[in-house]
Amino acid sequence: MTPTDQVQLHILKIVEEQPEISQRQLAERLGVSLGKINYLLRALLDKGHIKAGNFLRAEDKLKYAYLLTPEGMSAKLQLTRSYLARKEQEYLAMKSEIETMRDELARYDELA
């Protein structure tokens with residue numbers, strides 16, 4: 001999973017939970033620039049993973065709601081599976097490394 005995939009996964013999760021979130025709030029929450037969020041949202045819009053629509057009765061007509069499409073939900077699930085698989089691999093590698101280090105320390109403790 002690329003760093004862009006990771007950010008897109010986070011965007012899809014946030015949009016699902018908070019469809020009314022602004023690009024500025026999204027950028028702050030993810031710790032990326034507003035320009036990067038705009039770029040990533042456009043990519044998700046172009047892929048058909050999200051839809052953007054104006055709030056009809058909003059005083060500020062520049063506000064949008066971002067909604068996950070069925071394709072977006074499928075993409076979110078696929079990205080989540082990929083992310084989980086990578087994290088599980090990292091976990092198993094880390095667990096093995098910890099066991100090796102514990103064994104090594106136990107051998108040193110026996111010598112001391």
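Modeller: Two residues are in contact, or touch, when they have heavy atoms within 4.5 Å. The model is predicted, with local features requiring pLDDT of at least 70 and side-chain atom pairs pLDDT 80 or more, while totals for chains, interfaces and linings use all residues. Residues are numbered from 1 along each chain as its sequence is written, and side-chain values use heavy atoms, with hydrogens and water left out.

I begin with the whole chain. The protein has four helices and two strands, where helices (H or I, at least four residues) and strands (E, at least two) are DSSP runs numbered from the N terminus. From that end, the order of the elements is α-α-α-β-β-α. The C-alpha trace extends over about 75 × 25 × 20 Å along its principal axes. The radius of gyration is 21 Å, whereas a compact globule of 112 residues would come near 13 Å; the radius is taken over C-alpha atoms, and the globule rule is 2.2 Å times the number of residues to the power 0.38. The accessible surface amounts to about 8200 Å², and carbon and sulfur atoms account for 54% of it; such areas come from the Shrake-Rupley method with a 1.4 Å probe, and for residues only the protein chains shown count as cover. Of the 112 residues, 21% are buried, a class defined by a relative accessible area under 20%, with exposed meaning over 50% and partly exposed the range in between (1.4 Å probe, protein chains only). Among contacts between residues at least 6 apart in sequence, 48% connect residues at least 24 apart.

The packing of the helices comes next. Helix α2 (residues 23-30) meets helix α3 (residues 34-47) at an angle of about 110°, and their axes are 9 Å apart. Here the axes are lines fitted to C-alpha atoms, for helices over the stretch in contact, and the angles between N-to-C directions run from 0 to 180 degrees. The two helices, α2 and α3, are therefore roughly perpendicular, the word used for 65 to 115 degrees; under 35 is roughly parallel, over 145 roughly antiparallel, and the rest oblique. On the α2 side the contact is formed by Q23, R24, L26, A27 and L30, and on the α3 side by L34, I37, N38 and L41. Sorted by class, this contact of α2 with α3 holds six nonpolar, two polar and one charged residues. Nonpolar covers Ala, Val, Leu, Ile, Met, Phe, Trp, Tyr, Cys and Pro, charged covers Asp, Glu, Lys and Arg, and the others, Gly among them, are polar.

Helix α1 (residues 3-17) also packs on α3, at an angle of about 80° and with the axes 11 Å apart. That angle makes α1 roughly perpendicular to α3. From α1, the residues T4, V7, Q8, I11 and L12 meet I37, L40, L41, A43, L44 and K47 of α3. This contact of α1 with α3 divides into eight nonpolar, two polar and one charged residues.

Two residues of α2 may be examined individually. Q25 lies in helix α2 and is partly exposed, at 42% relative accessibility. Its C-alpha atom is 9.9 Å from that of I37, 12 residues away in sequence. R29, likewise in helix α2, is partly exposed with a relative accessible area of 45%. Apart from residues up to four places away in sequence, R29 touches I14, E17, Q18 and I21. Between the C-alpha atoms of R29 and H10, 19 residues apart along the chain, the separation is 9.9 Å.

Beyond these helices, H49 sits in the loop between α3 and β1 (50-54). H49 is buried, with a relative accessible area of 15%. Setting aside neighbours within four places in sequence, H49 contacts L12, L44, L67, L68, T69, E71, G72 and A75. K76, in helix α4 (residues 70-111), is buried too, with a relative accessible area of 12%.

Finally, A52 belongs to strand β1 and is partly exposed at 37% relative accessibility. Not counting residues up to four places away in sequence, A52 touches L45, Y64, A65 and Y66. A52 and Y108 are 56 residues apart in sequence, and their C-alpha atoms are 61 Å apart in space.
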